[in-house]
Amino acid sequence: MAPGRVTPGSLSARALNRATLERQLLLRRAAMPAWKAIGHLAGLQAQAPLAPYLGLWTRLAGFRHEHLKDLLTERSVVRAHLLRNTVHLVTAEDFVSFRPLVQPLMERGLAGPRPTRAGGRNLEGVDLSELAQVAAALLGETALTRGQLAGRLASRWPDHDPASLAYAATHLLPLVQVPPRGLWGSAGQATFVLAAAWLDGQSLAPPDPARASDPAAAVEQLVLRYLAAYGPASVADIQTWSGLSRLREVTERLGARLRTFAGPDGGQLLDLPDAPRPGPDVPAPPRFLPAYDNLLLSFAERSRVIPHRRPVPLPPGNGASSGTLLVDGLWQADWKITQTVLQIEPFVPLSAADRDAIAAEGERLLDFAAPPGPGSGRDVRFARPVRVNKQTPGRSKPVRDLR
């Protein structure tokens, strides 16, 4: 144990669950503005472009669609490939601070699961530094889809696959995805622009870790921010969320700034000393989560919120019509909206009180996500419970999405 650490206490599974829900603003809706919540949560998953709206609605009192739309159009928050090389919604300040940390992860993505588009022989003979420079000039002037960028790069490298060139460029440069993608009520392809241009020079372009003011301090802040929003947690949990490695070295440097606990399985969990840890008997109301919500994806060991082996659904679509449902703080059902009908698919029998609470919350979800047209009605329906494997859940698998 590092010097200065507090003698470990222990946390039951239920106490760990309640601590996490408190940090995630899921025990009660928080009275805070959307930009502050996005910062507190250190970002929200956003590869399903409308999912952050539901993620904020379920966490914040009085949240409305325009609260996030305004932040996006005002450039106070951005959508960008970041943690785990997936699209996240983060504050502009967090993007500037954290984006250089994930550049090595982004570059490893060039040799990742799409070699026919981006790696190996498709880029053989291409000077990646030159590719980044040419793409930066293009994306500093105007926002382009990958297809449009591919067409413009093809003239410089006519003997190479244009899609591979564009795919590589979007991994080499700090880019953001611009509206109308991500705006409620709008639609659009993923369209990229150089972050420095979108944020008026606030970002690094091209990425250069040597220019970061203090990379060590930045990664320490990333760890502390994770614990504030997800803790208590293990080093493996932090690495799963961020996509970064060798973070035990960072937690050891933090030393007495962290408190150590024994988790339900006896493993070591780290936390901020003064972070809230409510009692295990604090009630947890039903909460509808959007597709890809980080609560389910950001732990190496997920049993604090997933009591079974059911895989987290990663559906296609915009993220506004399906998701998962917490019952007593645990993922115990899925949900789907079809027109103005909300279908609940539980994995366990629900008590009458649970059904009433879920139905009331479901009505509020329909008000937000599927307001009725003239003369149309709404309904919350419950399917029969779907059996699932009750064994202890396995460890997480990385979530990748390069849209």
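Q: What makes helix α1 (residues 13-23) mostly covered?
A: In this predicted model, 9 of the 11 residues of α1 are buried. Buried means under 20% relative accessible area, with a 1.4 Å probe and protein chains only. A helix is a DSSP run of H or I, at least four residues long, numbered from the N terminus.

Q: Which residues of α1 are buried?
A: They are A15, L16, N17, R18, A19, T20, L21, E22 and R23.

Q: What do the buried residues of α1 pack against?
A: The partners are helices α2 (34-40), α12 (215-230) and α15 (294-297), plus β9 (268-271), β11 (322-327) and β12 (330-338). Strands are DSSP runs of E, at least two residues long.

Q: How many cavities of 30 Å³ or more does a search of the whole structure find?
A: The search finds 2. A cavity is a set of points, on a 1 Å grid over the protein atoms alone, where a 1.4 Å probe fits but cannot get out. Its volume is the space filled by probe spheres set on the points, joined across faces, edges and corners.

Q: Which residues line the second largest cavity?
A: The lining is H81, R99, M106, T170, L173, L175 and F192. Lining residues have an atom within 4 Å of a point. This cavity holds about 40 Å³ of space.

Q: How do you know which element gives the most to the lining of the largest cavity?
A: α3 gives 3 residues, the most. The largest cavity holds about 90 Å³.

A note on the model: residues are numbered from 1 along each chain as its sequence is written. Local features need pLDDT of at least 70, side-chain atom pairs count only at pLDDT 80 or more, and totals for chains, interfaces and linings use all residues, while side-chain values use heavy atoms, without hydrogens and water.

Technical notes
Buried < 20%, exposed > 50% of the residue type's maximum accessible area, 1.4 Å probe, protein only. Contact = heavy atoms within 4.5 Å. 1 Å grid on protein atoms, 1.4 Å probe; cavity = no way out; pocket = protein on both sides within 12 Å on 5 of 7 lines; lining within 4 Å.
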